[in-house]
Amino acid sequence: MLRGGVAVTVAWHNQFDGTAGQGTAAALSDESGSFSFTSPSNVELLVKALDFGGAIKFYYGALSDLEYKITVVDTSSGAVKTYHNSPGRICGGIDNFAF
């Protein structure tokens, strides 16, 4: 969980060999973290949630072209947002109005 009551999980799928699973989270700070998919030593995704006092902004950056789905939950309201990366894309994103 990141500061501000935001919980983040990631499900991944390797389009090359068919393996899939849940990302392994590691905190980098109160506001940011990383996820590994196949090996804890191989960071695949970085995430950050910032509370701007009335709006939580969510950022993510990929270090992989594997398919993944990020699920972000505002633990105070129960609201859920999801973000999807298609297989073969190396992408990130910013949601200035996540919650």
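Me: Which side chain does D95 meet in a salt bridge, and at what N to O distance?
Reply: The side chain of K81, at 3.0 Å from N to O. Keep in mind that this is a predicted model.

Me: How many salt bridges does the structure hold?
Reply: One.

Me: Which strands do D95 and K81 lie in?
Reply: D95 is in strand 9 (residues 92-95) and K81 is in strand 8. The two are 14 residues apart in sequence, so the pair ties those parts together.

Me: D95 first: buried or exposed?
Reply: D95 counts as buried, because its relative accessibility is 14% and the cut-off for buried is under 20%. K81 is at 26%, so K81 counts as partly exposed.

Me: Switching to rings. How many aromatic pairs are there?
Reply: The count is five. One of them is F58 with Y83, a stacked pair. The centres are 5.2 Å apart and the planes make 25°.

Me: Where do F58 and Y83 sit in the chain?
Reply: F58 is in strand 6 (residues 56-62) and Y83 is in strand 8. They are 25 residues apart, so the pair links distant parts of the chain. F58 is buried at 1% relative accessible area, and Y83 is buried at 11%.

Me: What about Y60 and Y83, what kind of pair do they form?
Reply: A tilted one, 5.5 Å centre to centre with 50° between the planes. Y60 lies in strand 6 and Y83 in strand 8, so this pair ties together parts 23 residues apart in sequence. Both Y60 and Y83 are buried.

Me: Which residues form an aromatic cluster with W12?
Reply: F37 and Y68.

Me: How many bridges join strand 1 to strand 2?
Reply: Three, between strand 1 (residues 6-13) and strand 2, which run antiparallel. A11 stands opposite Q22 in strand 2.

Me: Last topic, the surface. Which residues form a nonpolar patch?
Reply: L28, V43, L46 and L63. Together they have about 340 Å² of accessible area.

Me: Where is L46 placed?
Reply: In strand 5 (residues 43-51). L46 has 36% relative accessibility, so L46 counts as partly exposed.

How values were computed:
Residues are numbered from 1 along each chain as its sequence is written. This is a predicted model: local features need pLDDT of at least 70, side-chain atom pairs count only at pLDDT 80 or more; totals for chains, interfaces and linings use all residues. Side-chain values use heavy atoms; hydrogens and water are left out. Patches are made of residues with over 30% relative accessible area and no salt bridge: like charges are joined within 9 Å, nonpolar side chains (Val, Leu, Ile, Met, Phe, Trp, Tyr) within 5 Å. Accessible areas come from the Shrake-Rupley method with a 1.4 Å probe; for residues, only the protein chains shown count as cover. A salt bridge is a side-chain nitrogen of Lys or Arg within 4 Å of a carboxyl oxygen of Asp or Glu. Helices (H or I, at least four residues) and strands (E, at least two) are DSSP runs, numbered from the N terminus. Buried means under 20% relative accessible area, exposed over 50%, partly exposed in between (1.4 Å probe, protein chains only). Two strands pair if DSSP finds at least two bridges between them. Rings of Phe, Tyr and Trp (its six-membered ring) pair if their centres lie within 6.5 Å; planes under 30 degrees apart count as stacked, over 60 as edge-to-face and the rest as tilted.
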